[in-house]
Amino acid sequence: MRIGELAARAGTTTRTLRYYEARGLLPARRDVKGHRVYDERDLRLLTQIRTLRDCGFDLEETRPFVECLRAGHPEGDSCPASLAVYRRKLDELDALIGELHAVRAQVAGQLGRAERARDVLAAEARVPGGPEPECELGGHRR
């Protein structure tokens, strides 16, 4: 198949395919007229790359999976280098999850503080002579 057909079937652009070719991820085969030609194996490579990219892998991290597919492994992720990339990605994700838990705890703490402050202001407003609550969006009294 030609580059346009491969791009359409893979759900990408011809520009992306040329970029992958330049990066050595997609083979650069040409017919007698000099046109790029591809086959179902190339479509499989692109599917593997896209799946990994959709999961947050950067382009270079897909290389071991592509090489594994080229070596004849049906899934592209059973080679030692692919497994190592999976492990690194899981470690990276675990670290991000830890950071997100810390940020969530901080935001929850800020929310609790803000709600308590609001409750104090509301209670003071009910006390004779206490301040009247102000609208947060413009400073107008309610």
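**Helices, salt bridges and the disulfide of a predicted model**

At 16% relative accessibility, Glu21 counts as buried in this predicted model, because the cut-off for a buried residue is under 20%. Glu21 is one partner of a salt bridge, the other being Arg30, with 3.9 Å between the closest N and O atoms. Arg30 has a relative accessibility of 45% and therefore counts as partly exposed. The distance of 3.9 Å for this pair falls within the 4 Å limit that defines a salt bridge.

The protein has 142 residues, of which 25% count as buried. Its secondary structure consists of five helices and zero strands, so the order of elements from the N terminus reads α-α-α-α-α. When contacts between residues at least 6 apart in sequence are considered, 41% of them join residues at least 24 apart. The accessible surface comes to about 9900 Å², and carbon and sulfur atoms account for 56% of that area.

Helix 5 comprises 47 residues. From its first C-alpha to its last, helix 5 reaches 69 Å, which is close to the 69 Å expected at 1.5 Å a residue. The buried residues of helix 5 are Ser82, Val85, Lys89 and Gly112. Helix 4 is among the parts that cover these buried residues. An α-helix has 3.6 residues a turn, so residues three or four places apart point the same way.

The structure holds one disulfide, formed between Cys68 and Cys79 with an S to S distance of 2.1 Å. Cys55, by contrast, has a relative accessibility of 51% and so counts as exposed, since the cut-off for an exposed residue is over 50%.

A search of the whole structure finds 12 salt bridges. Side chains of opposite charge can pair when their charged atoms come close. One of these salt bridges is formed by the side chains of Arg23 and Glu60, at an N to O distance of 2.9 Å. This pair links distant parts of the chain, 37 residues apart: Arg23 lies in the loop between helix 2 (14–22) and helix 3 (40–54), and Glu60 lies in the loop between helix 3 and helix 4. Arg23, at 32% relative accessibility, counts as partly exposed. Glu60 also counts as partly exposed, with a value of 37%.

Another salt bridge joins Asp39 to Arg41, whose closest N and O atoms are 2.4 Å apart. Salt bridges with shared partners connect Arg29, Asp39, Arg41 and Asp42 into one network. Arg41, at 60%, counts as exposed.

Terms used
Residues numbered from 1 in each chain as written. Predicted model: local features only at pLDDT ≥ 70, side-chain atom pairs only at ≥ 80, totals over all residues. Heavy atoms only, no water. Disulfide = S-S within 2.5 Å. Buried < 20%, exposed > 50% of the residue type's maximum accessible area, 1.4 Å probe, protein only. Helix = DSSP H or I, 4+ residues; strand = E, 2+ residues; numbered from the N terminus. Contact = heavy atoms within 4.5 Å. Areas by Shrake-Rupley, 256 points an atom, 1.4 Å probe, with all protein chains shown as cover. Expected span 1.5 Å × (residues − 1).
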